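Here is a short tour of one protein chain. Keep the structure open beside the text and follow along.

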Amino acid sequence: MSKEELHQIEELPDLKVSWHESYKYLAEPLLEYVWEVANHFLPDYEDVSAAPAIFANRYAERNLSVEERYERSKEMKTFKGTLEEYKKREYRKLDDSFKEKFLTNEDLQNTIEAYKLNISKFWYLLLFVYDFIEDIGTNAPALNKSVLEDFSYFHANLLEATSITLKKNNKKSYVVEREDTIRIIQAALQHFVNTYSDIIHSEQDRETMIKQLKDIGLKGFIRNDLSSKISFTDKFSLDISYKKWKFTDMFLFFIEKRKATTIPNKKVKVSKDKMMLVSRLIYTVGYDGKRYNEEYDSEGNKNRMLSNLLRRYKNEKFPFVIANNYMVVS
């Protein structure tokens, strides 16, 4: 019997239920873990998240051709246009290409067993979390901050910086680690932010403000720039570290109240570390390499890579983003 055959994933049925009738999936046992996380992170008005139904539909159509997806949408009465109109819609396929990697990772499977988690339900939770993060993190509309907010945000991050790296054509071109140099950069940036703020919040007329902004190199930035706004034309992709951050947040919520137990007759050491479980899931979906799958490094030190990543962001707020398919602002 192969490793893949040791763990069988039950197939999620296609109920052809639209997002606004998501409650019809409440009785689906394979989505139990998905519901638990979705209702917390993607709640709806009546405490019944639309996300499980959206996920189930995306899962059902993941291997369909565009023509088959169109016919399915017509059957569900979720699209009334022509096939040509349907083909113009943006579409990102749900990715389940890491299924074998998930099933054959013996360390990961042992930990899942130690937590007494149902392998099929956990697989669909992993797919859901990954699909949602890709939805907010890949070519998604961004909630843009004002220039002032962006500069303040950057400055706040500089306060804890011990080095600054510059890149040219995506290659590292210069690194500065001198503390006094970094402090000069901080002071210069703070001066710029204060100057910008003083101009924007002054009682001067519009023309005077524009002239002063032009003098500091920001011609055209006027008062309404201070208001956060949604841009549906500017698309962006989240940095991988932000994806790992949100991924960890969602899985730690799920695992928080659960406890691992010793597996009878196991002759190998089984990790019960919750952070290690999440780290191995991050490796599974491809957000990082094998180093995230190893509990100890070559010198026998405990893997703290994920903990160190989260520590970096402890004083930050997650960027405001809009999900394409899951219809939420995160």
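This is a predicted model: local features need pLDDT of at least 70, side-chain atom pairs count only at pLDDT 80 or more; totals for chains, interfaces and linings use all residues.

## The chain as a whole

Take the contacts in the chain with a separation of 6 or more: residues 24 or more positions apart account for 68% of them, where contact means heavy atoms within 4.5 Å.

Residues are numbered from 1 along each chain as its sequence is written, and side-chain values use heavy atoms, with hydrogens and water left out.

## Two helices that pack

Two packed helices are described by the angle between their axes and the distance between the axes. Helix α7 (residues 106–114) packs against helix α13 (residues 274–285) at about 135°, and their axes are 10 Å apart. Axes here are lines fitted to C-alpha atoms over the stretch in contact, and angles run from 0 to 180 degrees between N-to-C directions. That makes α7 and α13 oblique to each other: under 35 degrees would be roughly parallel, over 145 roughly antiparallel, 65 to 115 roughly perpendicular, and the rest is oblique.

Who meets whom? From α7 come Asp-107, Leu-108, Thr-111 and Ile-112, and from α13 come Leu-277, Arg-280, Leu-281 and Thr-284.

## Glu-295, in a loop

Now look at the loop between α13 and α14 (305–312), where Glu-295 lies. Is Glu-295 buried or exposed? Glu-295 is buried, with a relative accessible area of 11%.

Its side chain makes a polar contact with the side chain of Lys-302 (2.8 Å), and another, of 3.4 Å, joins Glu-295 to the side chain of Ser-271. A polar contact is a pair of N or O atoms within 3.5 Å; within protein, one must be able to donate a hydrogen and the other to accept it, and residues adjacent in sequence count only if both atoms are side-chain atoms. Leaving aside neighbours within four places in sequence, Glu-295 also touches residues including Met-276 and Arg-280.

Note on methods: Helices (H or I, at least four residues) and strands (E, at least two) are DSSP runs, numbered from the N terminus. Buried means under 20% relative accessible area, exposed over 50%, partly exposed in between (1.4 Å probe, protein chains only).
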